[in-house]
Amino acid sequence: MATTPGAAMTFGTEPVGSASETDVETTTIAEELLDQALAERRALVRLCLYALDRARSSGVVERIEEGLADVGVTAVRPDGERFDPSRHEAGGTVPTDDAALAGLVAETEVVGFVDRGRTLRAPIVTVYTAR
């Protein structure tokens with residue numbers, strides 16, 4: 001097929017949609033793919049947390065946590081931090097004679113998880129209380 005300089009090549013007889021129609025279709029497809037990818041990511045993170053809770057091997061737990069951290073989901077173990085009911089769930093208490101420990105997290109019972117600053121699951125902790 002020969003063309004002259006500056007002439008557009010056409011194939012078939014169907015008119016090609018305008019650039020704005022193509023842009024809208026491309027944007028819509030991209031948005032649908034992004035929504036699908038985000039939904040699939042959420043499902044995979046939930047599955048990893050489920051598996052993590054049931055893992056019996058510390059090596060498996062470590063590997064799952066590393067994989068989650070690679071995609072922005074970090075484990076929360078607030079041992080030694082001040083108990084904050086807006087970020088932690090109290091699972092129990094342990095009495096102490098040391099006034100400096102009162103109100104601090106003694107132990108993390110169930111690890112919490114944060115996804116780029118958004119809490120997925122608050123850690124369940126044991127808190128020191130004064131006798």
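Biologist: Accessible areas here come from the Shrake-Rupley method with a 1.4 Å probe, and for residues only the protein chains shown count as cover. So how much accessible surface does the chain have?

Modeller: About 9,400 Å², and 56% of that belongs to carbon and sulfur atoms. Mind that this is a predicted model: local features need pLDDT of at least 70, side-chain atom pairs count only at pLDDT 80 or more, and totals for chains, interfaces and linings use all residues. Residues are numbered from 1 along each chain as its sequence is written, and side-chain values use heavy atoms, with hydrogens and water left out.

Biologist: Fine. How many helices and strands are there?

Modeller: Two helices and six strands, in the order α-α-β-β-β-β-β-β along the sequence. Those are DSSP runs numbered from the N terminus: helices are H or I with at least four residues, strands are E with at least two.

Biologist: And what share of the residues counts as buried?

Modeller: 18% of the 131 residues. Buried means under 20% relative accessible area, exposed means over 50%, and partly exposed is in between (1.4 Å probe, protein chains only).

Biologist: What about contacts between residues 24 or more positions apart?

Modeller: With contact meaning heavy atoms within 4.5 Å, such pairs make up 57% of the contacts in the chain with a separation of 6 or more.

Biologist: Switching to strands. Which way does strand 2 run relative to strand 6, parallel or antiparallel?

Modeller: Parallel, with seven bridges joining strand 2 to strand 6. Two strands pair if DSSP finds at least two bridges between them. As a landmark, Gly92 stands opposite Thr126 in strand 6.

Biologist: What does strand 3 do with strand 6?

Modeller: Strand 3 pairs with strand 6 in the antiparallel sense, over four bridges. There, Val105 stands opposite Val127 in strand 6.

Biologist: Now charges. How many salt bridges do you get?

Modeller: Eight, taking a salt bridge as a side-chain nitrogen of Lys or Arg within 4 Å of a carboxyl oxygen of Asp or Glu. One of them joins the side chains of Arg77 and Glu65, at 2.6 Å from N to O. That pair links distant parts of the chain, 12 residues apart: Arg77 is in the loop between strand 1 (73-76) and strand 2 (89-96), Glu65 in helix 2 (residues 58-70).

Biologist: Is Glu65 buried or exposed?

Modeller: Glu65 counts as buried because its relative accessibility is 16%. Arg77, at 43%, counts as partly exposed.

Biologist: What else does Glu65 touch, leaving out residues up to four places away in sequence?

Modeller: Leu52, Ala75, Val111 and Phe113 are among the residues it touches, along with Arg77.

Biologist: Which residue pairs with Arg87 in a salt bridge?

Modeller: Glu81, at 3.1 Å from N to O. Arg87 is partly exposed with a relative accessible area of 44%, and Glu81 counts as partly exposed at 35%.

Biologist: And where do the partners Arg131 and Asp97 sit?

Modeller: Their closest N and O atoms are 3.0 Å apart, in a salt bridge. Arg131 lies in the segment after strand 6 (124-130) and Asp97 in the loop between strand 2 and strand 3 (105-110), so the pair ties together parts that are 34 residues apart in sequence. Both Arg131 and Asp97 are exposed. There is also a network: salt bridges that share partners join Arg41, Asp115 and Arg116.

Biologist: Which residues touch Gly72, leaving aside its neighbours within four places in sequence?

Modeller: Val114, Asp115 and Arg116. Gly72 sits in the loop between helix 2 and strand 1 and counts as buried because its relative accessibility is 19%. The C-alpha atoms of Gly72 and Gly117 are separated by 9.0 Å, though the two are 45 residues apart along the chain.

Biologist: Last topic, the surface. Which residues form a nonpolar patch?

Modeller: Leu44, Leu47 and Tyr50, with about 340 Å² of accessible area together. Patches use residues with over 30% relative accessible area and no salt bridge; like charges are joined within 9 Å, nonpolar side chains (Val, Leu, Ile, Met, Phe, Trp, Tyr) within 5 Å. Of that trio, Leu44 lies in helix 1 (residues 19-54) and is exposed, with a relative accessible area of 54%.
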